[in-house]
Amino acid sequence: MAYNNIQTESKDNILYITINRPKQLNALNRETIGELSQAFKDGEANNDIQVIILTGSGEKAFVAGADIKEFANYSVEEGKSLSADGHKKLFDLVESLRKPVIAAVNGFALGGGLELAMSCHIRVASENAKMGLPEVSLGVIPGYGGTQRLAQLVGKGKAIEMVATAVMINAEDAHHWGLVNHVTFQSELLEKCEEIAKAIKKNSPKAIGNAIKAINAGFDEGKNGFEEEINQFGNSFGTADFKEGTSAFLEKRKPNFKGE
């Protein structure tokens, strides 16, 4: 599929998605959100893809926020619709994917950009990364899951501090707070993401998907994470991957998982 604002490439069972609006510092507009949604859905449906790596083009920004001019004159109801549509179309979609998504955070990840990174399962930041949720400086609040996912990752106090001050934090502070998994040189950012992806690809895609679903349930109001773990643990016994994994272990060989 041809896209206007993103680029996709598949290699070694990895789908690379690059937000490509460098003049706008890869800011998210409605069209870009729609294209990202489709790319993630296609990656999920493609049996050859085991891991997805998301990044922004250029060295300045992962995503420097939402495209403010699109919603500067919105009404209350239009604002609610914008947020709800974004949650459903992209941010919740990414979080609930059964294939691991790694965010390669290069440069600025602000507002909707940080919210997008937080919806990914794993975050790796370049040493020059700057992260923040500056929405209150515009008289609005994070609307794509930022108030919830940030608190889950760094705790309530740190989340309120980041949102209320609207300050940017550097990559080292983000790592210290638990907002990102790893920090690396910008020249080695994708290499580090690929190293993680390589480790993931050795394991059962089916089991990884089940594990992501169970982990997410623990943060989903109204769901019992322990019950979901029991269900997904049991479901694993009915998969071809389980039979292959246990057989390989008993036969002292490497498993050949099919994701079935």
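Helices here are DSSP runs of H or I with at least four residues, strands are E runs of at least two, and both are numbered from the N terminus. Keep in mind for every view below that the model is predicted.

**View 1. Ser236 in helix α9, side chain to side chain with Asn210.** Helix α9 covers residues 225–236, and Ser236 belongs to it. Is Ser236 buried or exposed? With the cut-off for buried set at under 20% relative accessible area, Ser236 counts as buried because its relative accessibility is 19%. Its side chain makes a polar contact of 3.2 Å with the side chain of Asn210. Leaving out residues up to four places away in sequence, Ser236 touches Asn210 and Phe242.

**View 2. Ser119 in helix α3.** Here's another buried serine: Ser119 comes in at 1% relative accessibility. A polar atom of the Ser119 side chain lies 2.7 Å from the backbone oxygen of Leu116. What else does Ser119 touch, once residues up to four places away in sequence are set aside? The contacts are Phe91, Val94, Glu95 and Arg149.

**View 3. The largest pocket and its lining.** The largest pocket has a volume of about 660 Å³, and 26 residues line it. Zoom in on the centre and the nearest lining residues are Phe71, Leu82, Glu135, Val140 and Ile141. Two elements give two or more residues to this lining, namely α2 (76–96) and α3 (112–119). Which of the elements gives the most? That's α2, with five residues. Sorted by class, the lining of this pocket has 15 nonpolar residues, eight polar ones and three charged ones. As for how such spaces get found, rolling a probe the size of a water molecule over the atoms shows where empty space is left.

**View 4. Strand β5, buried from end to end.** Strand β5 spans residues 101–105, and five of the five are buried, so the strand is largely enclosed by the rest of the structure. In a regular strand the side chains alternate between the two faces of the sheet. For β5, Val101, Ala103 and Val105 point one way, while Ile102 and Ala104 point the other way. Both sets are buried. Now for the pairing: strand β3 (residues 51–56) runs parallel to β5 and pairs with it over four bridges. One place to look is Ile53, whose bridge partner in β5 is Ile102. Strand β7 (residues 122–126) also pairs with β5 in the parallel sense, over four bridges. There, Ala104 stands opposite Val124 of β7.

**View 5. An open sheet of four strands with mixed pairing.** Trace across this sheet and the order reads β4-β6-β8-β9. Which strands stand at the edges? They're β4 (61–63) and β9 (169–170); each has a single partner strand, so one side of each is left without a neighbour in the sheet. The partner pair β4 and β6 (residues 108–110) runs parallel and is joined by two bridges. Within that pair, Ala61 sits opposite Phe108 of β6.

**View 6. Two asparagines with positive phi, Asn13 and Asn26.** If you like checking backbone torsions, stop here. Asn13 has phi near 65°, which is positive although the residue isn't glycine. It lies in the loop that links β1 (6–11) and β2 (14–19). Asn26, also a residue other than glycine, has a positive phi near 60°, and its place is the loop between β2 and α1 (30–45).

**View 7. Glu194 in helix α7.** Helix α7 takes in residues 189–201, Glu194 among them. At 27% relative accessibility, Glu194 counts as partly exposed. For a sense of scale, Glu194 and Asp85 are 31 Å apart in space, C-alpha to C-alpha, and 109 residues apart in sequence.

Notes:
Residues numbered from 1 in each chain as written. Predicted model: local features only at pLDDT ≥ 70, side-chain atom pairs only at ≥ 80, totals over all residues. Heavy atoms only, no water. 1 Å grid on protein atoms, 1.4 Å probe; cavity = no way out; pocket = protein on both sides within 12 Å on 5 of 7 lines; lining within 4 Å. Points joined across faces, edges and corners; volume = space filled by probe spheres on them. Nonpolar A, V, L, I, M, F, W, Y, C, P; charged D, E, K, R; others polar. Buried < 20%, exposed > 50% of the residue type's maximum accessible area, 1.4 Å probe, protein only. Polar contact = N/O pair within 3.5 Å; in protein donor to acceptor, adjacent residues only side chain to side chain. Contact = heavy atoms within 4.5 Å. Pairing = 2+ DSSP bridges.
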